[in-house]
Amino acid sequence: MKMLWLCVALVLIGAQKEAAADVSEVSGYWYSVLLASDHRDKIEENGSMRVFVERIDILEDSSLSVKFHTIDNGQCAAHELVCDPTEEEGVYTVEYNGHNVFRILDMVSDEYVIFYLKNGDNGEGFHLMELYGRGPDVRSEIREKFVQLCQEYGIVKENILDLTKTDRCLQARDQA
Ligand SMILES: *[C@@H]1O[C@H](CO)[C@@H](O)[C@H](O)[C@H]1NC(C)=O
């Protein structure tokens, strides 16, 4: 009996890991929930990296198309960026306010995804962490997990912004 439970547990753990690693499941609509950076000014109002995701698509050549909004002069502006895959699964590069490399740190594809992004190519740089939800907000356990991950990556709590309390250009989305 014990052996049977061990098998069930191992199968469940295995299934969970597999789901988290499947990059293709990042496709679809997302909402920016929390945004964090070691350079807070980059994500504050009018900051160059204050972006609100709407949709991610995986293109045929494995690049990642990201649709998002920014607020420019008080107006929501739509953008679409194509991010190039790298040799490492789940790691992409994109030019946007400089050179960026980002990876999926954690994902439960029907609930949330956490990205880690590094900007800059000559030592002068900053990093960014993003928590996206499939809905406009996520469970508090996931928020806590994100705060914990930020700490591990050297971003203090004070530099984590709750975007659910600000204008995220929800009114500008194709699909609310
Ligand atoms: C952001 O930009 C807008 C429009 O240029 C301006 O009115 C506003 O004061 C700026 N906000 C901050 C925090 O700098």
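Here is a walk through the structure above, from its overall layout to its cavity and its charged pairs.

What you're looking at is a predicted model, in which local features need pLDDT of at least 70 and side-chain atom pairs count only at pLDDT 80 or more, while totals for chains, interfaces and linings use all residues. Residues are numbered from 1 along each chain as its sequence is written, and side-chain values use heavy atoms, with hydrogens and water left out.

Let's begin with the layout. The chain has two helices and ten strands; these are DSSP runs numbered from the N terminus, with helices being H or I of at least four residues and strands being E of at least two. Follow the chain from the N terminus and the elements come in the order α-β-β-β-β-β-β-β-β-β-α-β. Of the 176 residues in the chain, 41% are buried. Here, buried means under 20% relative accessible area, exposed means over 50%, and partly exposed is in between (1.4 Å probe, protein chains only).

Tyr31 sits in strand 2 (residues 31-37) and is buried, at a relative accessible area of 7%. Tyr31 and Gly135 are 104 residues apart in sequence, yet their C-alpha atoms are 6.2 Å apart in space.

Now for the inside. The structure holds one cavity of 30 Å³ or more. A cavity is a set of points, on a 1 Å grid over the protein atoms alone, where a 1.4 Å probe fits but cannot get out, and its lining residues have an atom within 4 Å of a point. Grid points are joined across faces, edges and corners, and the volume is the space filled by probe spheres set on the points. The largest cavity takes up about 280 Å³. Its lining has 19 residues, and Val51, Val66, Leu117, Glu130 and Tyr132 lie nearest its centre. Strand 3 (52-58), strand 4 (64-72), strand 5, strand 7, strand 8 (112-119) and strand 9 (126-133) each give at least two residues to this lining. By class, there are 17 nonpolar, one polar and one charged residues in the lining, where Ala, Val, Leu, Ile, Met, Phe, Trp, Tyr, Cys and Pro count as nonpolar, Asp, Glu, Lys and Arg as charged, and the others, Gly among them, as polar.

Glu130 belongs to strand 9. Glu130 is buried but has no salt bridge, and the nearest side chain of opposite charge, Arg50, is 12 Å away. (Lys and Arg count as positive and Asp and Glu as negative; His and the chain ends are not counted.) The side chains of Glu130 and Tyr132 are joined by a polar contact of 2.7 Å, that is, a pair of N or O atoms within 3.5 Å; within protein, one must be able to donate a hydrogen and the other to accept it, and residues adjacent in sequence count only if both atoms are side-chain atoms.

Elsewhere, charges do pair up. A salt bridge is a side-chain nitrogen of Lys or Arg within 4 Å of a carboxyl oxygen of Asp or Glu, and the count comes to ten salt bridges. In one of them, the closest N and O atoms of Glu88 and Arg103 are 3.2 Å apart. Glu88 lies in the loop between strand 5 (75-85) and strand 6 (91-95) and Arg103 in strand 7 (residues 99-108), so the pair ties together parts that are 15 residues apart in sequence. Asp162 and Lys165 also form a salt bridge, at 2.8 Å from N to O; Asp162 is buried at 18%, whereas Lys165 is exposed at 70%.

Terms used: On a 1 Å grid over the protein atoms alone, a cavity is a set of points where a 1.4 Å probe fits but cannot get out, and a pocket is an open set with protein on both sides within 12 Å along at least five of seven lines; lining residues have an atom within 4 Å of a point.
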